[in-house]
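Grab a pencil and open the viewer. Below are a few exercises, each with a solution worked through step by step.

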Amino acid sequence: MVILGAGPAGLVLGNLLLASGVDCVILERATRTQVQARSRAGFLAANTVRILDRHGLAEGLHRRGREHTTCEFRTEDGRFRLDYGSLGRGERHTVYPQHELVTDLLTQYLNTGGRVRFGTEALTVRGADDARPSVTVREADGRTGSWQGRYVVGCDGRHGAARRSLPPGAVRRHRLDHGISWLGLLAEAPPSLDAVGYAVHHRGFAGHMARTPEVTRYYLQCERGTSPDAMSDGRIWDELALRMRAEDYGPLRRGRIVDRTVVDLESDVLEPLRHGALFLAGDAASLLSPSAAKGANLAVLEAEILARALIDDLCHGSPEGLAGYSQRCLAHIWRAQEFSQWMVRLLHGAPGPDGESVFHDSLRRSRLASLSTSRSCQDWFADHYVGV
Ligand code: RFL
């Protein structure tokens with residue numbers, strides 16, 4: 001079995017296959033240091049924790065992760081809090097930085113004899129229609145080579161070799177550009193509130209998400225095409241304070257900004273998630289806007305579903321799970337897409353001509369008003385916010 005990519009999807013899959021005695025190798029373009037340093041997600045859904053628990057992969061997150069149950073909305077009409085941990089099904093998030101989860105998964109995989117080829121870039125997947133598909137690679141020293149397996153699983157993200165290798169027409173790509181961009185920031189600063197903060201402001205959205213007691217992620221909506229370095233640290237903090245209405249609700253704890261990325265809010269879904277012997281999981285299967293923090297959670301869920309199906313096929317001769325993999329995951333993916341899209345519309349007016357903006361802005365205010373006052377709307381929100 002050849003797995004492309006050592007992110008959450010590839011590493012959960014690798015661990016589960018290894019635990020059942022399925023021989024596999026993970027081909028990873030980056031170095032081990034780079035893989036373990038890539039800070040992205042932080043909010044793990046209750047179901048993600050249950051999956052990791054089931055397979056003995058959650059020790060680190062139970063030791064160092066923190067439960068999280070509250071979000072706060074700040075708008076032109078005031079602020080309100082939702083303790084989503086006591087709404088709906090009462091499920092919680094665990095805040096645990098993605099690079100720590102990846103480090104745990106990688107350590108477990110390598111300690112139990114798993115193979116990862118770091119610095120090995122997959123170039124093309126060939127022969128997905130055959131019984132022995134292969135992957136051509138470029139090693140760190142520039143030499144090319146090839147790996148063969150019964151199946152190839154693309155867990156190599158949206159720009160990976162798996163997507164590139166799909167023959168035209170084999171798989172459809174449904175894509176939505178939300179027309180909105182966020183400047184994603186990591187600050188060496190303690191969280192400024194004990195909740196996820198969502199600020200809706202006429203200058204654009206701002207978000208606050210705790211990562212650790214010392215590090216906080218912030219988002220600032222920005223113009224499409226903005227360079228990550230366009231604003232000084234001081235200007236960023238001023239803008240965050242303005243949009244988060246620090247004057248009314250308390251100051252932000254400032255610190256050094258150690259990472260800046262501009263994220264264009266885009267979503268896509270590939271359908272089906274299989275072409276012959278090539279399967280797709282994680283961001284390679286579907287990209288979600290970061291508005292609802294679902295990407296890493298879906299990656300873990302899909303990896304578990306695929307691992308079970310592969311083990312049934314390879315160890316017990318039952319191919320039904322593989323045949324149903326795509327349809328099963330797509331149901332989860334579209335639900336996550338639907339909620340992420342709802343969050344985008346909750347937090348932004350629509351870009352566009354003035355008349356259209358007023359209409360969308362009024363819809364957004366009405367949506368927020370329902371969320372702040374209607375218990376059934378809050379229960380629905382809580383279930384979808386934490387669920388995958
Ligand atoms: P990853 O994590 O991108 O890993 C893919 C791996 O494949 C390697 N690779 C290749 N290897 C070999 N050959 C090639 N040709 C290759 N091309 C790529 C890469 O080096 C990498 O190691 O994909 P995976 O496993 O599918 O996991 C997906 C998640 O990483 C992603 O969905 C989340 O980070 C999204 N996301 C969030 N998700 C959440 O569930 N909760 C969050 O709070 C959250 N916050 C975020 C996020 C994503 C963000 N960005 C950067 C878009 C915050 C941000 C800012």
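**Exercise 1.** In which sense do strand 4 and strand 7 pair, and over how many bridges?

*Solution.* Before you start, know that this is a predicted model, where local features need pLDDT of at least 70, side-chain atom pairs count only at pLDDT 80 or more, and totals for chains, interfaces and linings use all residues. Residues are numbered from 1 along each chain as its sequence is written, and side-chain values use heavy atoms, with hydrogens and water left out.

Step 1: Helices (H or I, at least four residues) and strands (E, at least two) are DSSP runs numbered from the N terminus, and two strands pair if DSSP finds at least two bridges between them.

Step 2: look at strand 7, residues 93-95; strand 4 pairs with it in the antiparallel sense over three bridges. Glu 67 sits opposite Thr 94 in strand 7.

Step 3: zoom out. The order 3-7-4 describes an open sheet of three strands with antiparallel pairing. Strand 3 (43-44) and strand 4 (66-68) are its edge strands, each pairing on one side only.

**Exercise 2.** Write down the strand order of the eight-strand sheet, and explain why one side of strand 6 and of strand 20 has no neighbour in the sheet.

*Solution.* Step 1: the eight strands make an open sheet, ordered 6-5-14-15-16-13-17-20, with mixed pairing.

Step 1: strand 6 (78-83) and strand 20 (286-287) are at the edges and have a single partner strand each, so one side of each is left without a neighbour in the sheet.

Step 2: Strand 17 (residues 256-271) and strand 20 run antiparallel and are joined by two bridges. Val 269 stands opposite Ser 286 in strand 20.

**Exercise 3.** Describe the surroundings of the ligand: which residues are closest, and which elements supply the shell?

*Solution.* Step 1: count a residue as near if one of its heavy atoms lies within 4 Å of the molecule. The ligand is surrounded by 32 residues, and the closest are Glu 28, Arg 38, Arg 40, Gln 98 and Asp 283.

Step 1: sort the shell by class (Ala, Val, Leu, Ile, Met, Phe, Trp, Tyr, Cys and Pro are nonpolar; Asp, Glu, Lys and Arg are charged; the others, Gly among them, are polar). You get 13 nonpolar, nine polar and ten charged residues.

Step 2: find the elements. Helix 1 (8-19), strand 9 (121-126), strand 16 (216-222) and helix 9 (295-316) each give at least two residues to the shell. Helix 9 has the largest share, with four residues.

Step 3: look for polar contacts, meaning pairs of N or O atoms within 3.5 Å (within protein, one must be able to donate a hydrogen and the other to accept it, and residues adjacent in sequence count only if both atoms are side-chain atoms). A polar side-chain atom of Arg 40 is 2.8 Å from a ligand oxygen. For Ala 296, a backbone N or O atom lies 2.8 Å from an oxygen atom of the ligand. In Asn 297, a side-chain N or O atom is 3.0 Å from a ligand oxygen.
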